[in-house]
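Look at the chain first, then read on.

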Amino acid sequence: MPHRRKPGKDLTPEQRSVNRAHSRLRRPVERAIARIKTWRILRKARISPTNLTSIARAILTLETHL
């Protein structure tokens, strides 16, 4: 969780750097989730969630390596 600024106070430099690092790690995950939401195959799928997870993992792997 990122640090939140308290009313009337600023974040310390350490808290800012932690927030930046958190943001750098979160960005690719947020993009991947947005990308998955656009796939029609996942919206129309009628299979078990376990198989769907495997399919999503495979597609994301292919997209990141191509």
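Ser23 is partly exposed, with a relative accessible area of 28%. The cut-offs explain the label: buried means under 20% and exposed means over 50%, so a residue in between is called partly exposed. Ser23 belongs to helix 1. Its C-alpha atom lies 8.3 Å from that of Pro2, although 21 residues separate Ser23 and Pro2 in sequence. This is a predicted model, and the distances and areas here are computed from it.

Is Asn19 buried or exposed? Asn19 counts as buried, because its relative accessibility is 17% and the limit for buried is under 20%. Which residues does Asn19 touch, leaving aside its neighbours within four places in sequence? Asn19 is in contact with Pro2, His3 and Leu11.

**The salt bridge**

Side chains of opposite charge can pair when their charged atoms come close. How many salt bridges are counted in this model? The count is one. The partners are the side chains of Arg26 and Glu30, at 3.1 Å from N to O. Arg26 is partly exposed at 44% relative accessible area. Glu30 is partly exposed too, at 40%.

**Positive charge on the surface**

Arg16, Arg20, Arg24, Arg27 and Arg31 form a patch of positive charge on the surface. One of them, Arg27, is found in helix 1. Arg27 counts as partly exposed, with 45% relative accessibility.

**Across to helix 3**

Thr53 lies in helix 3, residues 49-65. Thr53 is partly exposed, at 40% relative accessible area. How far is Thr53 from Glu30, C-alpha to C-alpha? The separation is 17 Å, and the two are 23 residues apart along the chain.

**C-alpha distances together**

| Pair | Apart in sequence | C-alpha distance |
|---|---|---|
| Ser23 and Pro2 | 21 residues | 8.3 Å |
| Thr53 and Glu30 | 23 residues | 17 Å |

Notes. Residues numbered from 1 in each chain as written. Predicted model: local features only at pLDDT ≥ 70, side-chain atom pairs only at ≥ 80, totals over all residues. Heavy atoms only, no water. Salt bridge = Lys/Arg side-chain N within 4 Å of Asp/Glu carboxyl O. Buried < 20%, exposed > 50% of the residue type's maximum accessible area, 1.4 Å probe, protein only. Patch = residues over 30% accessible without salt bridge, like charges linked within 9 Å, V, L, I, M, F, W, Y side chains within 5 Å. Areas by Shrake-Rupley, 256 points an atom, 1.4 Å probe, with all protein chains shown as cover. Lys, Arg positive; Asp, Glu negative; His and termini not counted. Charge placed at Lys NZ, Arg CZ, Asp CG, Glu CD. Helix = DSSP H or I, 4+ residues; strand = E, 2+ residues; numbered from the N terminus. Contact = heavy atoms within 4.5 Å.
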